[in-house]
Amino acid sequence: MIKPLEGVTVVEFAGLGPAPFCGMLLAQMGARVICIGREGAPAPSGPLARGREYVALDLKSRDDMARALDLIASADALIEGFRPGVMERLGLGPQVCRERRASLVYGRMTGWGQTGPLAHTAGHDINYIAISGALHAVGLAGGEPVVPLNLVGDFGGGGMLLAFGVVAAILRARSTGEGCVVDAAMTDGAAMLMSMMYGFYAAGHWQDERGTNLLDGGAPFYRTYRCADNRYIAVGCIEPQFYAAFMKGIGAEDLLELPQRDRAHWPRVQERIAQTVATRTRDEWTALFEGSDACVTPVLSLAEAPLDAHNTARGAFAQNGGAWQPQCAPRFVDYGNEGG
């Protein structure tokens, strides 16, 4: 596999969640990632710790501080996920590190950002996505907001955007010789991930009530349905031709007379689909729609997903120590080998 970040060196200060996720992404892309942990603390382990070199240092020791600064001086980027001010108190803030290498990219991962009234306040993913509008938007109509794991703040709006920002800043540093600080805040990132919904809302195409819209489970053709075995299928037949294929597949073609996008008909259509889907098992529906354009897939568990035929064919998961781990994404392929 092509490793586009070969030749890039990153120093990572050991932490939890989004910053290690960023380090994992950079390492999977070919960067040399040196993780600095606290002396006496266990080395990070698990999928997020993949691809690292690990160094344990006592930053209160003059010799170990000098070693940390030497590592930073030879790096293209530094990433850390502490509260604002912690790195400064350690003596490793942006200005100190810049003196050692002017082109250094200094990546900072926080929930609230380096500035703002909440910058020094404790919080977690759920708090960060709550003030972005994202948490409010997820859930069933009339129900409570549903926590979308910690995917939106920690990973999508956090570690992934930090990685993107660091790589962008490295490109700038290589052309200008000047590094910069990357201030990656999960509140900012979660809000940015909601850009399309804010656009729909401004245009009058999105109701500010969860579970009533095209892409939040409100539409009967874009949601999950319970099957006879208490497992689920996901239905995503937005386009008219795909919707027609699905409705014919479940024997509800008579409902095609109703305008698909007319919200007034959605409860009736949803009830009919739910009743029909409940008559067969998940795998029976999956087999029925296999090879069609009805946009129907099984909702797989964490135990099932690595064994899925498509995931297996693409090598999306691999075992490590007897446990399944998702593999590198995206993939980089030489021209001419796109199909192989």
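Colleague: Is D58 buried, partly exposed or exposed?

Modeller: This is a predicted model, and in it D58 comes out partly exposed, with a relative accessible area of 29%. That label applies because partly exposed covers the range between under 20% for buried and over 50% for exposed.

Colleague: Okay, and where does D58 lie?

Modeller: D58 is in the loop between β3 (52–57) and α2 (62–73).

Colleague: Which residues does D58 touch there, leaving out anything up to four places away in sequence?

Modeller: Leaving those out, D58 touches E39, D64 and M65. There's also a backbone atom to look at: the nitrogen of K60 lies 3.0 Å from a polar atom of the D58 side chain.

Colleague: What about H124, how many Å separate its C-alpha from that of D58?

Modeller: The two C-alpha atoms are separated by 28 Å, and D58 and H124 are 66 residues apart along the chain.

Colleague: Switching topic: which helix has F242 in it?

Modeller: F242 sits in helix α9, which runs over residues 240–249.

Colleague: And what does F242 touch, again not counting residues up to four places away in sequence?

Modeller: F242 touches C237, D293, A294 and C295.

Colleague: Zooming out, what domains does the assignment give for the chain?

Modeller: The assignment gives domain 1 (9–193), domain 2 (222–299) and domain 3 (307–339).

Colleague: How many Å apart are the C-alpha centres of domain 1 and domain 2?

Modeller: Those two centres lie 42 Å apart.

Note on methods:
Residues are numbered from 1 along each chain as its sequence is written. This is a predicted model: local features need pLDDT of at least 70, side-chain atom pairs count only at pLDDT 80 or more; totals for chains, interfaces and linings use all residues. Side-chain values use heavy atoms; hydrogens and water are left out. Domain bounds come from an automatic or database domain assignment. Helices (H or I, at least four residues) and strands (E, at least two) are DSSP runs, numbered from the N terminus. Buried means under 20% relative accessible area, exposed over 50%, partly exposed in between (1.4 Å probe, protein chains only). Contact means heavy atoms within 4.5 Å. A polar contact is a pair of N or O atoms within 3.5 Å; within protein, one must be able to donate a hydrogen and the other to accept it, and residues adjacent in sequence count only if both atoms are side-chain atoms.
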